[in-house]
There are 2 protein chains.
Amino acid sequence: MEPEKQQRIWDAVLREFAAKGYRDASTNRIVEDAGIGKGMLFYYFKNKAELFRSALVYCLDYIEEEYVRRLDFSEPDFIVRFSKAVEAKMAAYLRNPLPFTFLASFHINREAVEIAPDLYSRLQEMGNKGMQALFADVDVSLFRDDVAPEHILNIIRWVMDGWSQDIIAHLEREALLDYDWESTTKKLYELFAVLRKVLYKEVQNGDSKGQ
Amino acid sequence: MEPEKQQRIWDAVLREFAAKGYRDASTNRIVEDAGIGKGMLFYYFKNKAELFRSALVYCLDYIEEEYVRRLDFSEPDFIVRFSKAVEAKMAAYLRNPLPFTFLASFHINREAVEIAPDLYSRLQEMGNKGMQALFADVDVSLFRDDVAPEHILNIIRWVMDGWSQDIIAHLEREALLDYDWESTTKKLYELFAVLRKVLYKEVQNGDSKGQ
DNA sequence: GGGTCTCTTGACCACTCTGGTCGAATTGTG
DNA sequence: CACAATTCGACCAGAGTGGTCAAGAGACCC
């Protein structure tokens, strides 16, 4: 099948499941949105449940390939490490946001877990491993001494999360194309400099570490 | 009508609308969940749209009364001001979370706006006014000089938001009753002390300002 | 008791939408 | 042409929809 049509179908499937969850998703709306006949969907997927499972596998593979595999946990500086992770996630999200929104809705909604308990645990395991790796072997000696490292880690995490949530909220209002990415990344590196200034030890030499 | 039954009905209505949105909400499920006959719902509300509007008014009034009205914007210290706001919101949320979740879903979902455009703008206005008041006339002279005040305000906001999101995430997993509130508030004040230490000017006398 | 009122019920209605089927049409390939 | 792989959408039985309404239930007054 032409990959362009395939993509249209996946888009429609993920959009519908993400918006409505498993039970309330409508195969009629999916085929209409994808611009294909009803029979075609059930020619390639034997029923709704299998379609849902296939969509989950598609998304898990996509995110594994396009996001998780590209993470680099060797960096000891937590701000650099975390910011790379945020950037990688943002990049993958902007390339195709649907797998993220679909998996997010799957993670929240209780109902669909029984359709695919194995894939649900695969998702959970992915999240847990990522979180563990993200916080493992951080060079806490960079942090200032008069605050517990746990607090510093939390603050950095919360600030980064808040920042990206602000960005996404903006993106949903403004058009994606004419968004000013240059000034956004510039502001992000400003933010890193601030975090480093307030949460890290004072550096001896003057130049900042931000790339 | 007995207030206990009234509460049961509102709970069912808000739960259903919050979970499914206007279009996909089912009046059948509402009456079943509330434990009343179908006719009763349409005896007090002439149709689904009016029920939805009444639920919105109920929630807006609730939040106005139980949360917004109790905010205090006279405090010049931003951490104290914001923390009071967070505490007030948390308290109101824990007393009855449904109005918050219902209004949140209404704010996100595009579909129901046309049913109640006036109430949608009332909600937006409430949010905007709150945000404006929250950031107005903050005593920035408390902040350290070597970081732009805008950054400091953002960091405090993101940290508080992240903190409360963590709490809510915990609450959804653990039971609400046997949650250790004492250690939670203790940790919160620790967090304030940290924020003050890293984002404010050094204080002359040693004791912290946290109440 | 009877009369009248408010409150409450759930069977019932016409209608829409559901997941899924299937015979027929179309297309690609040789 | 034949043969197979695709693609379509009309069609199905069944579930669920918002809303109605005749029939009570219970309270209060005369």
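These legends describe close-up views of a predicted model. Local features need pLDDT of at least 70, side-chain atom pairs count only at pLDDT 80 or more, and totals for chains, interfaces and linings use all residues. Residues are numbered from 1 along each chain as its sequence is written, chains are lettered from A in the order in which they are written, and side-chain values use heavy atoms, with hydrogens and water left out.

**View 1. The kinked helix H1 of chain B.**
H1(B) covers residues 3-24. Helices here are DSSP runs (H or I, at least four residues), numbered from the N terminus. A kink of about 80 degrees is centred on B:Ala18. The bend is the angle between axes fitted to the seven residues ending at a position and the seven starting there.

**View 2. The buried residues of H1(B) and their partners.**
Buried residues in H1(B) include B:Trp10, B:Phe17, B:Ala18 and B:Tyr22. Buried means under 20% relative accessible area, exposed over 50%, and partly exposed in between (1.4 Å probe, protein chains only). The buried residues of H1(B) pack against helices H2 (27-34), H4 (48-66) and H6 (98-108) of chain B. B:Ser105 sits in H6 of chain B. Its relative accessible area is 13%, so B:Ser105 is buried. Setting aside residues up to four places away in sequence, B:Ser105 touches B:Phe17 and B:Ala18. Contact means heavy atoms within 4.5 Å.

**View 3. The interface of chain A and chain B.**
Contacts join 21 residues of chain A to 21 residues of chain B. About 2000 Å² is buried between the chains, and carbon and sulfur atoms give 63% of that area. Buried area is the accessible area (1.4 Å probe) that two parts lose on being put together, summed over both. The rule finds ten residue pairs in polar contact across this interface, both residues at pLDDT 80 or more. A polar contact is a pair of N or O atoms within 3.5 Å; within protein, one must be able to donate a hydrogen and the other to accept it, and residues adjacent in sequence count only if both atoms are side-chain atoms. On the chain A side, H1 (3-24), H8 (149-173) and H9 (181-199) each give two or more residues. H8(A) gives the most, with nine residues.

**View 4. A salt bridge between the chains.**
The side chains of A:Arg157 and B:Asp166 meet at 3.0 Å, N to O. A salt bridge puts a side-chain nitrogen of Lys or Arg within 4 Å of a carboxyl oxygen of Asp or Glu. The pair runs from helix H8 of chain A to helix H8 of chain B. A:Arg157 is buried, at 14% relative accessible area. B:Asp166 is partly exposed, at 28%.

**View 5. Salt bridges within chain B.**
B:Lys84 and B:Asp72 meet at 3.9 Å, N to O. B:Lys84 lies in H5 (residues 78-95), and B:Asp72 in the loop between H4 and H5, twelve residues apart. In a second pair, the closest N and O atoms of B:Asp145 and B:Lys201 are 3.6 Å apart. These two residues are 56 residues apart. B:Asp145 is exposed, at 66% relative accessibility. B:Lys201 is partly exposed, at 37%.

Definitions and conventions
The expected span of a helix is 1.5 Å times one less than its number of residues.
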